[in-house]
Amino acid sequence: MIIVTTKRLLLRNWEEKDRDLFHEINSDPVVMEFFPFLRTRAQSDELFERLRGIIADTGLGFFALADHDTDSAMGFCGLSRVTNLEPHLPDGTVEIGWRLSRRYWGQGYITEAAGKLLEFGFMTQNLDEIVSFAVATNERSIAVMKRIGMIAAPHRDFDMPGIDDARAELRPHSLYAIDRATWQAKGR
């Protein structure tokens, strides 16, 4: 199931051939620098199956990001409904998020995919707002948020629950948001 395409990319549901790449990005300590743990193969496989099911059931989720010409997965980018973050974010808030294999960094793939997903979210899914959040020191992800036109919402910043004291530096999260009217006004 292809969700959207760009000149260079496909955003689609996960396929069996993507399983190794999915584990790679979830177990790479550099890719996962701002996450509280690396995933084992079993944990990656469990998340892989869960994401495939969510996408199949809802049409939203963290989609496989693949090369348009070869259909080789490079990472993910998607729109997903937030759960278990109340009171910071109401259940059902739509988040845009991404993760990319290091060998594809620096080529604009996430910015390209995320920009297309904002269009998909506002024009096809008829969403009113899309948010993104990252550890406050995650400059790479925050730079993408800014490039795709999202706006800092410091009054909505929060400390991520469930992070133990040993990784307390990962608690502070910056939130960026964009609503449909602002997205349209920017001529996207």
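## Ground rules

Buried means under 20% relative accessible area, exposed means over 50%, and partly exposed lies in between (1.4 Å probe, protein chains only). D71 is buried, with a relative accessible area of 18%.

This is a predicted model, in which local features need pLDDT of at least 70 and side-chain atom pairs count only at pLDDT 80 or more, while totals for chains, interfaces and linings use all residues. Residues are numbered from 1 along each chain as its sequence is written, and side-chain values use heavy atoms, with hydrogens and water left out. Helices (H or I, at least four residues) and strands (E, at least two) are DSSP runs, numbered from the N terminus.

## The cores

A nonpolar core is a set of buried Ala, Val, Leu, Ile, Met, Phe, Trp, Tyr and Cys residues joined through side-chain atoms within 4.5 Å. The largest one here has 47 residues. Which of its members touch the most others? They are L65, L79, I96 and L117. Helix α3 (residues 109-124) gives the most to this core, with eight residues. A second, separate core has 14 residues, including F158, M160, I163 and L170.

Now look at I96. Contact means heavy atoms within 4.5 Å.

## Helix α3

Helix α3 has 16 residues and reaches 21 Å from its first C-alpha to its last. That is close to the expected 22 Å. The expected span is 1.5 Å times one less than the number of residues.

Several residues of α3 are buried, among them Y109, A113, L117 and F120. An α-helix has 3.6 residues a turn, so residues three or four places apart point the same way. After α3 comes N126, whose phi is positive, near 55°.

Two strands pair if DSSP finds at least two bridges between them. Strand β1 (residues 2-5) runs antiparallel to β2, and three bridges join them. The two form a hairpin with three residues between them. V4 has L11 in β2 as its bridge partner.

Strand β2 (residues 9-12) also pairs with strand β3 (residues 61-67), in the antiparallel sense, over four bridges. Here L10 stands opposite A66. Both faces of β2 are covered: L9 and L11 are buried on one side, L10 and R12 on the other.

## Loops and polar contacts

S101 sits in the loop between β5 (94-100) and α3. Is S101 buried or exposed? S101 is buried, with a relative accessible area of 1%. Its side chain joins that of E24 through a polar contact of 2.6 Å. A polar contact is a pair of N or O atoms within 3.5 Å; within protein, one must be able to donate a hydrogen and the other to accept it, and residues adjacent in sequence count only if both atoms are side-chain atoms. Beyond its neighbours within four places in sequence, S101 is in contact with L21, E24, I25 and M74.

N138 lies in the loop between β6 (129-135) and α4 (139-147). N138 is buried too, at 7% relative accessible area. A polar atom of its side chain lies 3.1 Å from the backbone nitrogen of S141.

Most residues other than glycine have a negative phi, and most peptide bonds are trans. D71 is not a glycine, yet its phi is positive, about 60°. D71 lies in the loop between β3 and β4. N84 also has a positive phi, about 65°. N84 is in the loop between β4 and β5, and is exposed at 69%.

A cis peptide bond joins E86 and P87, with omega about 10°. P87 lies in the loop between β4 (73-81) and β5.

## Aromatic pairs

Rings of Phe, Tyr and Trp (its six-membered ring) pair if their centres lie within 6.5 Å; planes under 30 degrees apart count as stacked, over 60 as edge-to-face and the rest as tilted. The count comes to seven aromatic pairs. The rings of F22 and F48 have centres 5.5 Å apart and planes at 65°, so this pair is edge-to-face. F22 lies in helix α1 (residues 19-27) and F48 in helix α2 (residues 41-58), so the pair ties together parts 26 residues apart in sequence.

F62 and F76 form a tilted pair, 5.3 Å centre to centre with 40° between the planes. Both F62 and F76 are buried.
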